[in-house]
There are 2 protein chains.
Amino acid sequence: MLPSTSRQIVLASRPSGRPVPDNFRLEEVPVPRAPAGGLLLRVLYLSLDPYMRGRMDAAKSYAAAVEVGHVMVGESVSEVVESNHADYKVGDIVLAHTGWRDYAPSDGTRLRKLDPSLAPLTTGLGVLGMPGFTAWSGLHLIGKPKAGETVVVAAASGPVGSLVGQLAQMVGARAVGIAGGAKKCEYVKDELGFDAVIDHRSSDFADALAAACPRGIDVYFENVGGAIWDAVLPLLNTFARVPVCGLIAQYNGPSGNTAQDRLPRTMREILSKSLTLRGFINYEFADEHYPAFLDAVSKGIADGRIRYREDITDGLENAPAAFMGMLDGKNFGKAIVRVGG
Amino acid sequence: MLPSTSRQIVLASRPSGRPVPDNFRLEEVPVPRAPAGGLLLRVLYLSLDPYMRGRMDAAKSYAAAVEVGHVMVGESVSEVVESNHADYKVGDIVLAHTGWRDYAPSDGTRLRKLDPSLAPLTTGLGVLGMPGFTAWSGLHLIGKPKAGETVVVAAASGPVGSLVGQLAQMVGARAVGIAGGAKKCEYVKDELGFDAVIDHRSSDFADALAAACPRGIDVYFENVGGAIWDAVLPLLNTFARVPVCGLIAQYNGPSGNTAQDRLPRTMREILSKSLTLRGFINYEFADEHYPAFLDAVSKGIADGRIRYREDITDGLENAPAAFMGMLDGKNFGKAIVRVGG
């Protein structure tokens, strides 16, 4: 039995800089019905991801902005509760672009069926989902680490960074993580088993990073942007590769320090060290490589070589606070909201 | 008969910013002799190239700095005048790293024999030499333009830029050049046959570049650095490639405008458009690809599809002035000094 109303969180206004609670609004609407040839989905788990901050801006990004008054975009693990579509039956579990709400209609496109026997459902939003594939594809298809090389990744306790380091070690590379605070650093070193971890909040961060990379850096997986780049740049080796998949430190607008133009130095290093910087959005590689990723990472989870951590918040109504916390680095593990799960 | 003395130009002092005449000194020294197993070379034509500015600084570059008091480094077309080496005989013409001088000893390494029947000897320093291979390798191995795509290159009347545009057209791409001043622009458009050319000194440069690239930019061959990047960046298409082979606009030190940090915007565009920036020094590719380059470009010259221009200064004593002029963009074509040719 469906309830009569469905909750949804809409963009109430565009943030200037860091989002605030007033940028979001919780609404109740009648539960939608499955369209002809389509489905009705009940959201079980909603994913919170840094890219959503970009969608809140009117400024053009790599995808369309969320309009003011519209439902916030997002992926979820959902259950099919009505189906007019031959490929899906009631009870199927799918990865879907539902947005931040209890119920969502679907035309049957942009869905991916999940196998509940493979791993816990929430992994479809993290280590076995978009963040996991971002880590896998950026590292293997752009970074291409070789045995003995050094791979550095920031936000190393997060869903992308934690997998980057573990995958790097699986090809024999040295994994150096950067994380914020003692608790996360401990997790990266002791539970994930990175070769070294540096706290970016420490006053001697640049020196500590250099000490942790005695043979320089061959792959820097750039998923944060901002000041960490300045410490990484002088350590990059000739022919180093820099997959760029996120710049969370820049998403809330320019930092205070704009007194110096840092571009000429970066361009000089690109030239003098024959560096490769390559931006990417994971779906560029999905058609060709998603099955190989699923296979490799599922096996790694099953045999214990790959560990992951999730930070699950209860209740759709708490999604805005959890999202704002994530942008400030307060989550510990993949940020997920339990909606109807 | 060898003369008793040989002239050479040494680095008298390191420049701060733009080089001045006092940074160079002309000396006379006894003519060196061919070492055991080696050669004595007589320099016919000396190449002047932007990278030499970097060697004048103590700051680490991708190659060792010239020490104060030592001969300025540089490639030349030289004639073998003494040989104790089985592979070379007197009269052979070679491309060699002699530096700025009349006579130079050689141990027989880092030489490339030139075929005088293939093209005029000076082309070994330009279109058929290092600048030509820089253009060919950066464009084909990194830029990889496809038919119908748009390729933009600055310093388009120079030895690298002029070839980049002509090679781009040979694969069916649209070539847009950037040059300084009406005379160079006319040459790029009318003699080289680029599809469009923009004068970077014009006040509406950014708008003119946008108008010349109605379908955006797929390959930007970066050989100048500096302000042109700001106009190029917003026009780059998704998946655009940026081979970075030179930053002449930065070589003389920071520009006056450092009020704004331009790095975050560049990083955002790299991410949101899945750009590839790749620095390179041409010799990375030489072992594998030099013969293919020589073959393709020689044929292009022979059948008239590839045109080139040289700016030849007479006399070793005039090399410093010609070099300083080149850094200011005053040369028109590949900068060469006739030493003994």
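Let's start with B:Ser106 and the residues around it. Leaving aside neighbours within four places in sequence, B:Ser106 is in contact with B:Pro35, B:Gly38, B:Leu39, B:Leu41 and B:Leu111. Please keep in mind that this is a predicted model. You can find B:Ser106 in strand E6 of chain B, which covers residues 103-106. Is B:Ser106 buried or exposed? B:Ser106 counts as buried, because its relative accessibility is 8% and the cut-off for buried is under 20%. Its side chain also has a polar atom 3.0 Å from the backbone nitrogen of B:Gly108.

Now let's go to the place where the two chains meet. Chain A puts 32 residues into the contact, and chain B puts in 32 residues as well. About 2900 Å² is buried between chain A and chain B, with carbon and sulfur atoms giving 64% of that area. Which residues of chain A lose the most area to chain B? They are A:Leu263, A:Met267 and A:Leu271, and together they make up 23% of what that side buries.

There are polar and charged partners here too. Between chain A and chain B, 7 residue pairs are in polar contact, and the interface has 2 salt bridges. Take A:Asp261 and B:Arg262, which form a salt bridge with their closest N and O atoms 2.8 Å apart.

Which elements of chain A build its side of the contact? Strand E12 (236-244), helix H7 (248-251), helix H8 (263-272) and strand E13 (276-279) each supply at least two residues. The largest share, 8 residues, comes from H8(A). Sorted by class, the side of chain A that touches chain B has 17 nonpolar, 9 polar and 6 charged residues.

Let's stay with H8(A) for a moment. This helix is mostly covered, with 8 of its 10 residues buried. Among the buried ones are A:Leu263, A:Met267 and A:Leu271, along with A:Ile270. Here is a handy thing to remember: an α-helix has 3.6 residues a turn, so residues three or four places apart point the same way. Just after H8(A) comes A:Ser274, with a positive phi of about 50°.

E13(A) is joined to strand E13 of chain B, residues 276-279, by 3 bridges, and the two strands run antiparallel. If you look at A:Arg278, its bridge partner in E13(B) is B:Thr276.

To finish, a tour of salt bridges. Over all chains the count comes to 38 salt bridges. In one of them, A:Arg18 meets A:Asp328, at 2.8 Å from N to O. These two come from distant parts of the chain, 310 residues apart: A:Arg18 is in the loop between strands E1 and E2, and A:Asp328 is in the loop between helix H10 and strand E15. A:Arg18 counts as exposed, at 52% relative accessibility, whereas A:Asp328 is partly exposed at 33%.

Another pair is A:Asp57 and A:Arg53, whose side chains meet at 2.9 Å, N to O. Here A:Asp57 is partly exposed, with a relative accessible area of 22%, while A:Arg53 is buried at 2%.

Over in chain B, B:Glu269 forms a salt bridge with B:Lys273, their closest N and O atoms being 2.8 Å apart. Both B:Glu269 and B:Lys273 are buried. And my last stop is a network of salt bridges that links A:Arg7, A:Asp102 and A:Glu317.

How values were computed. Residues numbered from 1 in each chain as written. Chains lettered and ligands numbered in written order. Predicted model: local features only at pLDDT ≥ 70, side-chain atom pairs only at ≥ 80, totals over all residues. Heavy atoms only, no water. Contact = heavy atoms within 4.5 Å. Buried area = accessible area lost by both parts, 1.4 Å probe. Salt bridge = Lys/Arg side-chain N within 4 Å of Asp/Glu carboxyl O. Polar contact = N/O pair within 3.5 Å; in protein donor to acceptor, adjacent residues only side chain to side chain. Helix = DSSP H or I, 4+ residues; strand = E, 2+ residues; numbered from the N terminus. Nonpolar A, V, L, I, M, F, W, Y, C, P; charged D, E, K, R; others polar. Pairing = 2+ DSSP bridges. Buried < 20%, exposed > 50% of the residue type's maximum accessible area, 1.4 Å probe, protein only.
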